[in-house]
Amino acid sequence: MVKRECHPLLKGERGERKYRHGFFGYEMESLASICEVVIPPLPPLKDEEDELNNKDVTKSFSNISASQHPYPHEVAEILVKRGLIEAVILIRVILWVLATRLGTLLLCGSLCVGGKWPFINNFSNMPLEKREKVVQKWLKHRFLTPIRLAFAYIKVLCVYCFFSSVDEKGENPAWKAIGYEVAADEKQNNVSNNNRPLQKGIIETMQEQSDSTLQQSLAKKGLNVTMDTKTNTLKLKCDAVVVGSGCGGGVAASVLSSAGHKVVVLEKGNYFASQDYSSLEGPSMDQLYETGGILASVDSRILVLAGSTVGGGSAVNWSACIKTPQNVMKEWSEEHKLPLFSSLEYQSAMETVCERIGVTEFCKQEGFQNQVLRKGCQNLGLKVDYVPRNSSGNHYCGSCGYGCPKGEKKGTQETWLVDAVESGAVIITGCKAEKFLLETNTNGRRSERKNKCFGVLAKALSSRITMKLQIEAKVTVSAGGALLTPPLMISSGLRNKNIGRNLHLHPVLMTWGYFPDSNSELEGKVFEGGIITSVHKVPPRDSESSDTRAIIETPLLGPASFASLCPWESGRDFKERMLKYPRTSHLITIIRDTACGVVTSEGRISYKLSEMDKENMRIGLQQALRILIAAGAVEVGTHRSDGQRIKCGDIGHGKIEEFLDNVWPMEGALSPGEKWNIYCSAHQMGSCRMGATEKEGGVDENGESWEAEGLFVCDASLLPSAVGVNPMITIQSTAYCVSNRIVDYLKNV
């Protein structure tokens, strides 16, 4: 691999560094011994694909262990930095217990007993094969669920670090063995290293040297800035301040600035242009996603992916651009009493959005996983559709989830925000909103709202900037997304009961099928080609229903994500699975969830599927497995904790149906029972939904808070319920309508 040029933050070079996790030596011994169980040193493995050419590489992969430096320290570092506090406490307690002989005896039983003094070993001194047996028992124990949750946490972080870390050349010692590579240069030929579309309006706080230089940079952008040393605050004024730059915030900034208003956009993430992207999984996830792509619900049932960079979710979206389904618009209009969604205004907004972000309907060349989905559906006589994308039909990029290095995918940082900057908008990056500024509404136009919002208080994330930023504006727009808008509103003193509730996540479970290279009809590897170009919609249970039961698509799974979700049965089995990585096709089953979760504060999500959701998920999983089998997979399975799978070969139809009958979505690792699942979510919506009244929503149909005049919400949290498809077009179209209503509001301020 030739090292590509990229932004320093996206290089991810692993070097000597000082760790700040604070783990004691005995905790690190226990942690390293668990990491060794997860990825152990083994005798040579057999590589089915290329035994002769890869013999030395496979041998090296067999020998390597996750207990080697620096992997355990990296695990501890990420755990402390990204994990929920109760997870950190749980894991540290268990590591402490395992560092003692008595604690090991309690948790491991007779397996820790040796033939020599002191007879009872602590966990790290037990033979590897016995440690593995202990972990296997933990994973299936019906009642020791906190221990298996702790192991699941460690396992995910361990394999994630192991398969995502890179050296100064951008390489990982395991990648060659598992057949993975990052293309050396996928950039467009006409993209210059100096061509940063938003540079005209960007202020990057991480580049500022002091409060004074930040003040100067703000003033140069035409902002009225004063320094208040008494309150240690930089105060600036504008017409509109937008918190967030994603699908909602980008559209809002564009519409408002194009109407002649001075707009300031606050974004806590950093700005990267197309030439900055590295396509390296680890550093890209760390910089482009909320909590580095490692955000779990409070019970660790579901892993959540949400964008956290300039462009938000649109910068890392897998390119799917699907209009709001007719049945969803009808439901929102009639059942939720929101006529906007049945109006010509909304239909026109969808057309405007699709035109601005360059949506195309056809894909010229599909990648390996989408070939599998299409072939399986065709062999079963099932309908399979092309997925519209915000890129050209020739777009063949398998790493758009790490930012599109070709610059062909049109996120808000390539479209709406460019329009905003050209109209004079200013985007401040590395700047986190802390609370909205509210005052008693004594002379507002809407006296029924007891508060009036006059801006936002924020802080720069750079340690060199010590002053807070107080941005005063005629209107304030919250566009931080369904996970961050509710905590910000709650911390500002708003009390509407809908804020933080009604959270929908489009939960996902995956199925997989292995296709050896000998299956020459299906070309390529899992990391090549467009991420989502095909979709199969599982039809409703009866003709009277218009709701699709599930949709089946294909995911982006780099080796670290693949390893994190892959069930662990033993060290050998896990390494053998990884050797099959490039030809193991995954299908994702997504449901339009009826269950509602809660986001109570930043990073704390509670969520549980309803019985109807579980049934729809079951039907979708079974259909996905049928598709994989019909496409020619030699082995298929799920991500259930016990490694549920079946070799297809010459087995009869009856055996396959018997296997499918046992495919069910399980509860999470903390729930009693031997088997469990880890769910995923890449779509979050509804947590501050529109409502016809304040009892039914956190904001009105115009997106304005029921409690604070001049405070608008313009992101996925507005949506009344789950959409059932990728929500990007729905979010941008709703934001477009709301933004135009904000323009009308400003005419009278």
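Student: Which residues of helix 15 are buried?

Tutor: Buried means under 20% relative accessible area, exposed over 50%, and partly exposed in between (1.4 Å probe, protein chains only). In helix 15, the buried residues are Phe-368, Gln-369, Asn-370, Gln-371, Val-372, Leu-373, Arg-374, Lys-375, Gly-376 and Cys-377. The helix is thus mostly covered, with 10 of its 13 residues buried. The model is predicted: local features need pLDDT of at least 70, side-chain atom pairs count only at pLDDT 80 or more, and totals for chains, interfaces and linings use all residues. Residues are numbered from 1 along each chain as its sequence is written, and side-chain values use heavy atoms, with hydrogens and water left out.

Student: Against which elements do the buried residues of helix 15 pack?

Tutor: Helices (H or I, at least four residues) and strands (E, at least two) are DSSP runs, numbered from the N terminus; contact means heavy atoms within 4.5 Å. The partners here are strand 7 (385–386), strand 13, strand 14 (550–553), strand 15 (584–590) and helix 20 (611–631).

Student: What span should the 13 residues of helix 15 have?

Tutor: The expected span of a helix is 1.5 Å times one less than its number of residues. For helix 15 (residues 368–380) this gives 18 Å, and the end C-alpha atoms are 18 Å apart, so the two values agree. Just after the helix, Gly-381 takes a positive phi of about 75°.

Student: How many aromatic pairs does the structure hold?

Tutor: Rings of Phe, Tyr and Trp (its six-membered ring) pair if their centres lie within 6.5 Å; planes under 30 degrees apart count as stacked, over 60 as edge-to-face and the rest as tilted. The structure holds 18 such pairs. One of them joins Tyr-180 and Phe-527 edge-to-face, at 4.9 Å centre to centre and 85° between the planes. Tyr-180 lies in the loop between helix 8 (175–178) and strand 1 (202–204), and Phe-527 in the loop between strand 12 (508–514) and strand 13 (534–538), so the pair ties together parts that are 347 residues apart in sequence. Both Tyr-180 and Phe-527 are buried. Ring pairs also link Trp-175, Tyr-180, Phe-527, Phe-562 and Tyr-581 into a cluster.

Student: Which charged residues sit over the rings of Tyr-386 and Tyr-514?

Tutor: A charge sits over a ring if NZ of Lys or CZ of Arg is within 6 Å of the ring centre and within 35 degrees of the ring normal. Arg-374 lies over the face of Tyr-386, at 3.9 Å from the ring centre. The charged end of Lys-580 is placed over the ring of Tyr-514, 5.0 Å from its centre.

Student: How many salt bridges does the structure hold?

Tutor: Side chains of opposite charge can pair when their charged atoms come close. A salt bridge is a side-chain nitrogen of Lys or Arg within 4 Å of a carboxyl oxygen of Asp or Glu. The structure holds 41 of them. Among them is the bridge between Lys-647 and Glu-635 (3.8 Å, N to O). Lys-647 lies in strand 19 (residues 645–647) and Glu-635 in strand 18 (residues 635–638), so this pair ties together parts that are 12 residues apart in sequence. Lys-647 is exposed at 57% relative accessible area, whereas Glu-635, at 7% relative accessibility, counts as buried.

Student: Which residues are linked with Lys-647 in a network of salt bridges?

Tutor: The network links Glu-569, Asp-573, Arg-577, Lys-580, Glu-635, Arg-645 and Lys-647.
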